[in-house]
Amino acid sequence: MGVFGGKGVDKKTYVAFITDYKSMMYRIAFGYLGDEAKALEAVDEAVYLGYVHRKELREPSFFKTWLTRILINECYRILRMGKREVIMEVLPEQGLSFPEGTLSIKLAVQALPEDLRKVIVLRYFGGYTIADTALILGIPEGTVATRSRKALKILRVELSEEEGGDCYD
């Protein structure tokens, strides 16, 4: 992962890591925010804040987790700023191609209670393991597993009801 000194992360290592990790950061931010422009804003701000504070990181093995927490905090800041806006008011359809049914999935994930949505976004949008998700959120692994099962059950019900005949002509 590069050269880590005793004092945080050096510039070259940080830039190399961001180059590899930025697309995953976007998926996580999009999962939280449901809006392309806001997700890009959150990633840009998190990358900037991470760079500015990179020397403060004490344990290099937590670099990815540390940066993900910065990103999540930035997503919450953006959500607080736009509290009155309707999430998913504008869909990022231009320039992106989504598989059939993705809109339904995105809307269903956005409708989950916050504690369940956090777990789903990190596990399935960010690709984190149960252990990493627990570390990032500061909760026990068993709680992550329980919330994941509960959220997936809710999503299955929501998405199966939609397939069952509710048409939107």
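**Close-up views of a predicted all-helix chain: figure legends**

**View 1. Arg77 and Glu41 form a salt bridge in which the closest N and O atoms are 3.6 Å apart.** A salt bridge here is a side-chain nitrogen of Lys or Arg within 4 Å of a carboxyl oxygen of Asp or Glu. Because Arg77 belongs to helix α3 and Glu41 to helix α2 (residues 36-52), the pair ties together parts that are 36 residues apart in sequence. The structure is a predicted model, in which local features need pLDDT of at least 70 and side-chain atom pairs count only at pLDDT 80 or more, while totals for chains, interfaces and linings use all residues. Residues are numbered from 1 along each chain as its sequence is written, and side-chain values use heavy atoms, with hydrogens and water left out. Arg77 has a relative accessible area of 28% and is therefore partly exposed, and Glu41, at 37%, also counts as partly exposed; in these legends buried means under 20% relative accessible area, exposed means over 50%, and partly exposed lies in between (1.4 Å probe, protein chains only).

**View 2. Glu41, Glu74 and Arg77 are linked in a network of salt bridges.** The side chains of Arg77 and Glu74 meet in a salt bridge with an N to O distance of 2.3 Å. These two residues are separated by about one helical turn, because they stand three residues apart in helix α3. Glu74 has a relative accessible area of 5%, so this residue is buried. By the rule given under View 1, the count of salt bridges comes to five.

**View 3. Arg147 forms a salt bridge with Asp115, the closest N and O atoms being 3.9 Å apart.** Arg147 lies in helix α7 (residues 141-163) and Asp115 in helix α5, so that this pair ties together parts that are 32 residues apart in sequence. Arg147 counts as partly exposed at 24% relative accessibility, and Asp115 counts as partly exposed at 32%.

**View 4. In the largest nonpolar core, which has 38 residues, Tyr21, Met25, Ile28, Tyr32, Leu67 and Leu71 touch the most other members.** At least two residues of this core are supplied by each of α1 (11-33), α2, α3, α4 (102-111), α5 and α7, and the largest share, 12 residues, comes from α1. A nonpolar core is defined as a set of buried Ala, Val, Leu, Ile, Met, Phe, Trp, Tyr and Cys residues joined through side-chain atoms within 4.5 Å. In soluble globular proteins, nonpolar side chains tend to be buried together. Leaving aside neighbours within four places in sequence, Ile28 is in contact (heavy atoms within 4.5 Å) with Tyr21, Thr68, Leu71, Val121, Leu122, Gly126 and Tyr128.

**View 5. Gly127 lies in the loop between α5 (114-125) and α6 (130-137).** Gly127 has a relative accessibility of 56% and therefore counts as exposed. Although Gly127 and Ile28 are 99 residues apart in sequence, their C-alpha atoms are 9.0 Å apart in space.

**View 6. Within α2, the residues Ala39, Ala42, Val43, Ala46, Val47 and Gly50 are buried.** They are on the same side of α2, because they cover an arc of only 130° around the axis, where the arc is that of the directions from the helix axis to the C-beta atoms. The cover over the buried residues of α2 includes α1 and α3. The 17 residues of α2 should span 24 Å at 1.5 Å a residue, which agrees with the 24 Å between its end C-alpha atoms; the expected span is 1.5 Å times one less than the number of residues in the helix.

**View 7. Thr65 is found in helix α3 (residues 63-81).** Thr65, with 11% relative accessibility, counts as buried. Apart from its neighbours within four places in sequence, Thr65 is in contact with Leu135 and Ile136.

**View 8. The chain has seven helices and zero strands.** Helices (H or I, at least four residues) and strands (E, at least two) are DSSP runs, numbered from the N terminus. Buried residues make up 38% of the 169 residues in the chain. Of the contacts in the chain with a separation of 6 or more, 64% are between residues 24 or more positions apart. The chain exposes about 10,300 Å², of which carbon and sulfur atoms supply 55%; accessible areas come from the Shrake-Rupley method with a 1.4 Å probe, and for residues only the protein chains shown count as cover.
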